[in-house]
Amino acid sequence: MPLYVGVMSGTSLDGLDFALIEQEDQTTLLATHYEPMPQQFQQELLALCSSGPDELARAAIAEQAWAQLAAEGIGRLLHAAAIDAAAIRAIGSHGQTVRHEPNRGFTIQIGNPALLAELTNISVVADFRRRDVAAGGQGAPLVPAFHEAIFGDPTRVRAVLNIGGFSNLSLLQPGEAARGFDCGPGNVLMDSWIRHQQGQQYDRGGAWASTGRVNALLLDQLLSDSFFATTGPKSTGRELFNLSWLETHLASFPTISPEDVQATLLELTARSICESLLASQPNAQDVLVCGGGAHNTALMNRLVTLLPGCEVTSTGAYGIDPDWIEAMAFAWLAHCCIEGIPTNRPSVTGARGLRVLGGIYPA
């Protein structure tokens, strides 16, 4: 039975997700593991997301630490599952995105796959995004093909919504090629704001946002960003949506309370998702939510309210825990790379054609 491990470290920078899958005619999740990211390392990665001194050396050192953390997490995953490393065909490693600027022709994920292969003695497939960018695509999102494979239904019009640091949609219409794009900020602004105001990593369940009130003028100003006016293919990252971007807008609202800012940021995430979906797939019947945002009760309630014509549920209702979808996806992408199966979707990224994604680092 072909086994793969997927490693996903998203823009939230809270830790690394690991998924062990069996890939035959279908994808089966066998085991999972979460490896928290040390706070000092998290701060170093955040610093690498913006310009700073001696970036090349700092990035090289950081990706060695990332590979070491990933290797430790894989070791714990396999130990808990009682599976020997020799049984794993490959690791699919997303790495850690530190820059994503496809409109300038590049995207950068660090993670030192050669070192990860050396530490684990398992072949590693990595660097999934750059081939799509080289072919004129956005390099993101890459998960719609996987979403289509596991959630596509010949009788239902579905959208799979991933809410991580940023939010992205996979649009699954029976008989049509999968489409998808980034909607905008998912948790990234809410996380940055509560970290700035309270030193908390995230707003559990949207509890703090629920104590505030949406400021309509601020919301309109945030939604006026040109990113929201464009249609897919499109992708985004911390290069655009970050604390500095928010503070620039807040300069016009000197008396707004912190909790009202948080409430408005939650509404920004909900509105940008729902408006994107209604504009691109107004006949959607099901919205399957995965990623950390699926645990934000206040955000999920807003999605239900704003999408009255859709059945909005966590992917857990379809048998897969929302926390592990992306790690599973990169295990699946590793399988596809080794088998020579193209996994980008030009209808999603805008690339010139189908491409096999990833580079292979043998054990």
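Student: Through how many residues does a hairpin join β7 to β8?

Tutor: Start with the terms: helices (H or I, at least four residues) and strands (E, at least two) are DSSP runs, numbered from the N terminus. Two strands pair if DSSP finds at least two bridges between them. Here the hairpin joins β7 to β8 through two residues. Strand β7 covers residues 158-163 and strand β8 residues 166-172; six bridges join them, and they run antiparallel. Within this pair, Ile163 stands opposite Ser167, and Leu161 stands opposite Leu169.

Student: Where do these numbers come from?

Tutor: This is a predicted model, in which local features need pLDDT of at least 70 and side-chain atom pairs count only at pLDDT 80 or more, while totals for chains, interfaces and linings use all residues. Residues are numbered from 1 along each chain as its sequence is written, and side-chain values use heavy atoms, with hydrogens and water left out.

Student: How many residues of β7 are buried?

Tutor: Buried means under 20% relative accessible area, exposed means over 50%, and partly exposed lies in between (1.4 Å probe, protein chains only). Six of the six residues of β7 are buried, so the strand is largely enclosed by the rest of the structure. Arg158, Val160 and Asn162 point one way from β7, Ala159, Leu161 and Ile163 point the other way, and all are buried.

Student: In which sense do β7 and β10 pair?

Tutor: They pair in the parallel sense, over five bridges. Ala159 has Val287 as its bridge partner in β10. Both strands belong to an open sheet of five strands with mixed pairing, in the order β9-β8-β7-β10-β11. At its edges stand β9 and β11 (311-314), each with a single partner strand, so one side of each is left without a neighbour in the sheet.

Student: How do I read the angles in this sheet?

Tutor: Axes are lines fitted to C-alpha atoms, for helices over the stretch in contact, and angles run from 0 to 180 degrees between N-to-C directions. With direction ignored, neighbouring strands of this sheet are turned by 20° against each other on average. Contact means heavy atoms within 4.5 Å. Helix α11 (residues 297-306) lies across β7, β10 (286-290) and β11, and runs at about 160° to β11.

Student: At roughly what angle do the axes of α5 and α12 cross?

Tutor: Two packed helices are described by the angle between their axes and the distance between the axes. The axes of α5 (residues 144-151) and α12 (residues 325-339) cross at roughly 100° and come within 10 Å. Angles under 35 degrees count as roughly parallel, over 145 as roughly antiparallel, 65 to 115 as roughly perpendicular and the rest as oblique. The helices α5 and α12 are therefore roughly perpendicular to each other. Ala145, Phe146, His147, Ala149 and Phe151 of α5 make the contact with Ile325, Met328, Ala329 and Trp332 of α12. These residues divide into eight nonpolar, one polar and no charged. In that count, Ala, Val, Leu, Ile, Met, Phe, Trp, Tyr, Cys and Pro are nonpolar, Asp, Glu, Lys and Arg are charged, and the others, Gly among them, are polar.

Student: Which residues touch the most other members of the largest nonpolar core?

Tutor: In soluble globular proteins, nonpolar side chains tend to be buried together. A nonpolar core is a set of buried Ala, Val, Leu, Ile, Met, Phe, Trp, Tyr and Cys residues joined through side-chain atoms within 4.5 Å. The largest one has 46 residues, and Leu265, Leu268, Val287 and Leu303 touch the most other members. Helix α10 (residues 258-280) gives the most to this core, with eight residues. Not counting residues up to four places away in sequence, Leu265 touches Leu189, Met190, Trp193, Leu222 and Leu246. Another core, of 31 residues, lies apart from this one and includes Leu20, Ala67, Leu69 and Ile122.

Student: Is Asn187 buried or exposed?

Tutor: Asn187 is buried, with a relative accessible area of 9%. It sits in the loop between β9 (179-185) and α6 (188-198). Leaving out residues up to four places away in sequence, Asn187 touches Ile163, Gly164, Gly165, Gly292 and Gly293.

Student: And is Ala86 buried or exposed?

Tutor: Ala86 is exposed, with a relative accessible area of 72%. Its place is in the loop between α2 (55-81) and β4.
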